[in-house]
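I hope they are handy when you open the coordinates.

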Amino acid sequence: MRKVRGNDISMIFQEPMTSLNPVHTIERQIGEVLAIHQGLRANAARARTVELLDAVGIPDPKSRLAAFPHQLSGANASA
């Protein structure tokens, strides 16, 4: 199941306080998934995280890497 989870299937619910760890940055949490399931190293994981945030409509994704989950709530409201 680990091969499928996170690689082919993953879900993050909208409520950030129950879906993501509130004490870790977005970059750390998404980067960890990319490292574990896709074998990406730090720089590649960072670049891919920016791409993913952009793909879901997070404004200025590069500057959002250091944000915490509660800081993203409503971040793409302009989309």
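**Notes on the helices and their packing**

1. In α3, the buried residues are Ala45, Thr49 and Leu53. Here buried means under 20% relative accessible area, exposed over 50%, and partly exposed in between, with a 1.4 Å probe and protein chains only. Looking down the axis of α3, these buried residues fall within an arc of 70°, so they line one face of the helix. The arc is taken from the directions that lead from the helix axis to the C-beta atoms. As a reminder, an α-helix has 3.6 residues a turn, so residues three or four places apart point the same way.

2. A word on provenance: this is a predicted model, in which local features need pLDDT of at least 70 and side-chain atom pairs count only at pLDDT 80 or more, while totals for chains, interfaces and linings use all residues. Residues are numbered from 1 along each chain as its sequence is written, and side-chain values use heavy atoms, with hydrogens and water left out.

3. Now the overall layout. The chain has four helices and zero strands, and from the N terminus its elements run α-α-α-α. Helices (H or I, at least four residues) and strands (E, at least two) are DSSP runs numbered from the N terminus. Of the 79 residues in the chain, 20% are buried.

4. The expected span is 1.5 Å times one less than the number of residues in the helix. On the face turned away from the buried side, α3 carries the exposed residues Asn43, Asp54 and Ala55. Just after this helix, Gly57 takes a positive phi of about 85°.

5. What covers the buried side of α3? The cover of its buried residues includes α2 (26–38). In α2, the buried residues are Ile26, Gln29, Gly31 and Leu34, and the buried residues of this helix pack against α3 and α4. The end C-alpha atoms of α2 are 17 Å apart, which agrees with the 18 Å that its 13 residues should span at 1.5 Å a residue. After α2 comes Gly39, with a positive phi near 70°.

6. Two packed helices are described by the angle between their axes and the distance between the axes. For α2 and α3, the axes come within 9 Å and cross at roughly 110°. These axes are lines fitted to C-alpha atoms, for helices over the stretch in contact, and angles run from 0 to 180 degrees between N-to-C directions. α2 and α3 are therefore roughly perpendicular to each other: angles under 35 degrees count as roughly parallel, over 145 as roughly antiparallel, 65 to 115 as roughly perpendicular and the rest as oblique.

7. Which residues meet where α2 and α3 touch? From α2, Ile26, Glu27, Ile30, Gly31 and Leu34 meet Ala45, Arg46, Arg48, Thr49, Leu52 and Leu53 of α3. Contact means heavy atoms within 4.5 Å. Thr49 is buried, with a relative accessible area of 0%. Beyond its neighbours within four places in sequence, Thr49 is in contact with Glu27, Ile30, Gly31, Leu34 and Leu65.

8. Leu34 sits in helix α2 and counts as buried at 5% relative accessibility. Leu34 and Thr49 are 15 residues apart in sequence, with their C-alpha atoms 8.3 Å apart in space. The contacts of Leu34, neighbours within four places aside, include Gly39, Leu40 and Leu52.

9. Towards the other end, Leu72 belongs to helix α4 (residues 69–72). At 16% relative accessibility, Leu72 counts as buried. Its contacts beyond four places in sequence are Ile26, Ile58, Arg64 and Ala67. The C-alpha atoms of Leu72 and Gln14 are separated by 9.9 Å, although these residues lie 58 residues apart along the chain.

10. Finally, a backbone detail to look at: Asp60 has a positive phi of about 45° although it is not a glycine. Asp60 lies in the loop between α3 and α4 and, at 52% relative accessibility, counts as exposed.
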